[in-house]
Amino acid sequence: MPRAFRSLLLPLLRKRKPKRRRSRSHPKESNKPKNHLAAGGGGAGDPSFSLKASASASPRDIGFLVQPLGNLLLSASPGANLRDAGLGALRPLPDDLLLDVLGLLPARALAALSAASKALYVVAAHDPLWRALVLDELGGAFDFAGSWRATYIAAACGGRPHLIPPRALKIRGFYSDYLFQSWLCANMEMRHEWLARDNIERRRGVSVEQFIAEVEEPNRPVLLEGCIDGWPALQKWSREYLLEISAGKEFAVGPVSMTLDRYFRYADNVQEERPLYLFDAKFAEKVPEMGRDYEVPVYFREDLFSVLGEERPDYRWVIIGPAGSGSSFHVDPNSTSAWNAIIKGAKKWIMFPPEVVPPGVHPSADGAEVTSPVSIMEWFMNFYGACKTWEKRPIECICRAGEVVFVPNGWWHLVINLEESIAITQNYVSRRNLLNVLDFLKKPNASELVSGTKDRVNLHDKFRSAIEAAHPGMIKQLELEAQQKAAARKKKTSFWDSAVDAKSGGFKFSF
């Protein structure tokens, strides 16, 4: 076994928990990039992509390993793909399935396998495999060392840097579109055409009554300006301030919990397809100062889930992430509406109405599962261009510090950070969508759909009872109003009704 992996035989501090992992691959390694790189799937127009200035591999990264399959045609020996020559009995497996198999191995076996051939070295060095090992074995107690492989080795060495291999092997001739696209998604810049469209309605100084009538009732997205100008967080929430008030506290980051200082060190050095995202629902309880540094904008203060007290589902989060982090397409939980306020940074938003499923996204019939591209950049590369020809194109915008996006209930939305960003978001129920929420909570498969609470089965009954106790007659009144609106819509003259002459029973035409 190469000396680089001897340290992996040392036991880690925590025993690895057996856990099923989802391992669609996301490499950090590839050839040393040029300023622009041609790649397929970018939609109409120029297919080239600009790479980040930091895309070159550092000495400890697994660089110079993967090339797109098309480059094989231009090589000196077009039939010589190192992948085929060095995988042995594993050769028939497609790359995604091969990495799923390797994702089941412990670190010692993965390291040993990488010594078997150059091709297996490339595949076994795939960084997301090591990310899963780090998160499974160390949780959030790791110090990111520039790549997940280096991070694992550093931990296995007890943090002794002289035992960490100074650089990876340099291997050429491995071609894989699957692995290369993952690397490209991690290292490319957002294209100008992906950022140029901004068609959301922007409002400033609108009254609460106007907001309800013109935005919330018709269930339309809007970007609000100026409504959080008084938040202390806008001036106070520097890194230094947040580190000071949250010292020793851990926040939810993906599947693990981390202190903020560790997370910032990770965010400063990471370059991967799906960066870990700090998304914590209990931040105000953990750090009361953070809860006091903002207040709910006036438009969203009717929060009917509050009648449940401590039994209410999770509803507010602090969100922190580096450029490239974000949330892929989803609909907010429990049929709630939401607002998202940016304190630092900038976010690109794409939103589709409830009746329009985004391209590349495939929800199950019961809504319990959603299949979509693995990463946000992959969606932009392969599906964004398709929206240009749609009759109902998405609502898009870039939201910056001091601005708030309103996300109506049921709307699909994707968000990607264009730079390091800090935001507060809350989901809420007002009387405008109370009936939608109650209908959602009583669906036959509510136990699979409801989120943010321990009691998924009884939430509907608890919520309805609490509403009737706190606001007697509200539900019946809303149901009556809904029936009246439905009847009024039926009374509207249809096209065919207007085309029929009531006296003769025939058609009438006007030219």
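This is a predicted model: local features need pLDDT of at least 70, side-chain atom pairs count only at pLDDT 80 or more; totals for chains, interfaces and linings use all residues.
## Aromatic pairs, a buried proline and an open sheet

Trp148 is buried, with a relative accessible area of 0%.

**Aromatic rings**

- The count of aromatic pairs comes to 28.
- Phe300 and Trp339 form a stacked pair, because their planes lie at 15 degrees, which is under the 30 degrees set for stacking; their ring centres are 5.8 Å apart.
- This pair joins distant parts of the chain, 39 residues apart: Phe300 belongs to the loop between α14 and β10, while Trp339 sits in strand β12 (residues 337–344).
- Phe300 counts as buried because its relative accessibility of 2% falls under the 20% cut-off, and Trp339 is buried at 0%.
- Both rings belong to a cluster linked by ring pairs, which also takes in Phe211, Trp231, Phe283, Tyr294, Tyr299, Phe406 and Tyr428.

**Arginines over rings**

- Arg316 lies over the face of Phe283, 5.8 Å from the ring centre; Phe283 is one of the cluster rings.
- Arg312 is placed over the face of Tyr315, at 3.6 Å from the ring centre.

- You will find Pro297 in the loop between α14 (288–292) and β10 (316–321).
- Pro297 is buried, with 1% relative accessibility.
- Beyond its neighbours within four places in sequence, Pro297 is in contact with Cys227, Ile228, Trp231 and Trp339; Trp231 and Trp339 are both in the aromatic cluster.
- Cys227 is 70 residues from Pro297 along the chain, yet their C-alpha atoms are separated by 6.3 Å.

**A four-stranded sheet**

- Four strands make an open sheet in the order β11-β18-β13-β16, with antiparallel pairing.
- At the edges are β11 (326–330) and β16 (395–400), each of which pairs on one side only.
- From one strand to the next, the twist averages 15 degrees.
- Strands β11 and β18 (residues 412–417) run antiparallel and are joined by three bridges; Gly326 has Ile416 in β18 as its bridge partner.
- Helix α15 (residues 376–383) packs on this sheet and touches β11, β13 (346–352) and β18. The direction of α15 makes about 115 degrees with that of β18.

Conventions: Residues are numbered from 1 along each chain as its sequence is written. Side-chain values use heavy atoms; hydrogens and water are left out. Helices (H or I, at least four residues) and strands (E, at least two) are DSSP runs, numbered from the N terminus. Buried means under 20% relative accessible area, exposed over 50%, partly exposed in between (1.4 Å probe, protein chains only). Contact means heavy atoms within 4.5 Å. Two strands pair if DSSP finds at least two bridges between them. Axes are lines fitted to C-alpha atoms, for helices over the stretch in contact, and angles run from 0 to 180 degrees between N-to-C directions. Rings of Phe, Tyr and Trp (its six-membered ring) pair if their centres lie within 6.5 Å; planes under 30 degrees apart count as stacked, over 60 as edge-to-face and the rest as tilted. A charge sits over a ring if NZ of Lys or CZ of Arg is within 6 Å of the ring centre and within 35 degrees of the ring normal.
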